[in-house]
Amino acid sequence: MAQERVCQRFVRYAARGQEAHGILDDGIIRTLEKDPLSSARETGESTPIGDVRLLAPCKPSKVIAIGLNYHSHLRGRPVPEQIGVFSMFPTSIIGPGDQIVIPPDTDNVHYEGELVVVIGKKTKNVSPADAPDHIFGVTAGNDVSERAWQRDDLQWFRAKGSDTFAPLGPAIVTGLDYDDLMIETRLNGEVRQHESTADLIFCVDEIVSYVSRYVTLLPGDVIFTGTPGTTSEMRAGDTVEVEIDGIGVLRNEVVGGSMA
Ligand code: MG
């Protein structure tokens with residue numbers, strides 16, 4: 001299982017006009033030579049976290065998500081017999097501290113705090129038992145969702161895939177027991193979601209196995225695993241935080257978009 005691995009916190013960041021990857025430890029980032037999915041060799045340089053701007057911790061080729069994966073989120077809908085998968089886009093992703101931009105032609109955009117799996121190597125047709133070996137680590141995500149568009153779109157194109165609708169971060173953490181992590185979502189500091197990933201209907205290893213039957217997963221690809229409980233509307237001026245044990249806080253402000 002993944003918990004046998006060393007627990008490390010990997011971040012991507014911008015400093016002095018450059019993007020880099022590093023290992024975050026006690027407020028200090030130790031710079032890596034390259035993407036940790038390729039090599040975790042350190043350069044010997046380090047930077048205090050306060051001197052950098054954190055970015056989304058990886059740049060996936062695919063952003064996949066699971067819907068209706070907690071009993072508490074079903075609200076009368078039947079328990080799914082099969083994993084419900086949908087897609088977002090790499091351009092949906094923003095990093096910690098970036099702004100969630102609500103498109104001007106909507107006003108019912110909800111947060112969805114979720115555990116997000118980061119794939120570590122090329123993955124095709126893996127069993128649930130072998131899935132942990134293909135998972136690099138986990139991070140926090142907010143599956144921002146426009147509820148009217150979710151009803152009207154083909155494949156939730158706008159509802160889930162609009163720019164800025166997939167905040168991700170702050171770090172990818174290895175070695176956590178991802179089958180029992182507490183997720184808490186706060187809107188303007190008020191707790192709105194609070195539930196453990198132990199309550200997932202389809203667990204992380206089942207999800208990775210199922211998706212890999214149909215789609216080849218590549219290093220850095222991410223899978224949002226579903227949101228617990230109830231969600232509510234976010235408005236311009238709000239701040240939403242998704243906190244997951246061992247991962248940290250993903251904080252984003254909400255702003256209104258212009259028609260330009
Ligand atoms: Mg979701």
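Colleague: How are the donor residues of the magnesium ion spaced in sequence?

Modeller: The donor residues of the magnesium ion follow the spacing E-x1-E-x28-D. Bear in mind that this is a predicted model, in which local features need pLDDT of at least 70 and side-chain atom pairs count only at pLDDT 80 or more, while totals for chains, interfaces and linings use all residues. Residues are numbered from 1 along each chain as its sequence is written, and side-chain values use heavy atoms, with hydrogens and water left out.

Colleague: What makes Glu112, Glu114 and Asp143 protein donors of the magnesium ion?

Modeller: A donor is an N, O or S atom within 2.8 Å of the metal (3.2 Å for Na, K and Ca), and water is not among the atoms, so sites may look incomplete. Glu112 (OE), Glu114 (OE) and Asp143 (OD) lie 2.0 to 2.1 Å from the magnesium ion, and therefore they count as donors under the 2.8 Å limit. Both Glu112 and Glu114 are also buried, a term that stands for under 20% relative accessible area, with exposed being over 50% and partly exposed in between (1.4 Å probe, protein chains only).

Colleague: Why is Gly257 called partly exposed?

Modeller: The relative accessible area of Gly257 is 24%, so Gly257 falls in the partly exposed class. Gly257 lies in the segment after β19 (248-256), where strands (E, at least two residues) and helices (H or I, at least four) are DSSP runs numbered from the N terminus. Gly257 touches Val101, Ile102 and Pro104, leaving aside residues up to four places away in sequence, and contact here means heavy atoms within 4.5 Å.

Colleague: What makes α4 largely enclosed by the rest of the structure?

Modeller: Eight of the 11 residues of α4 are buried, so α4 is largely enclosed. Among them are Val204, Ile207, Val208 and Tyr210, and the covering elements include β6, β7, β11, β12 and β17 (222-224).

Colleague: Which residues touch the most other members of the largest nonpolar core?

Modeller: A nonpolar core is a set of buried Ala, Val, Leu, Ile, Met, Phe, Trp, Tyr and Cys residues joined through side-chain atoms within 4.5 Å. Of the 41 residues in the largest one, Tyr13, Leu115, Val208, Ile223, Ile244 and Ile247 touch the most other members, and the largest share of this core, five residues, comes from α4. A second, separate core of 18 residues includes Cys58, Val63, Phe86 and Leu168. Contacts of Ile223, not counting residues up to four places away in sequence, include Ile64, Leu115, Val208 and Leu217.

Colleague: What is the volume of the largest pocket?

Modeller: The largest pocket has a volume of about 280 Å³, and among its 19 lining residues the closest to the centre are Leu68, His73, Arg77, Gln150 and Trp156. On a 1 Å grid over the protein atoms alone, a pocket is an open set of points where a 1.4 Å probe fits, with protein on both sides within 12 Å along at least five of seven lines, and lining residues have an atom within 4 Å of a point. β7 (84-88) gives the most to this lining, with three residues.

Colleague: How many nonpolar residues line the second largest pocket?

Modeller: Its lining has nine nonpolar, one polar and one charged residues. The second largest pocket holds about 150 Å³ of space, and β7 supplies the largest share of its lining, four residues.

Key
Grid points are joined across faces, edges and corners, and a volume is the space filled by probe spheres set on the points. Ala, Val, Leu, Ile, Met, Phe, Trp, Tyr, Cys and Pro count as nonpolar, Asp, Glu, Lys and Arg as charged, and the others, Gly among them, as polar.
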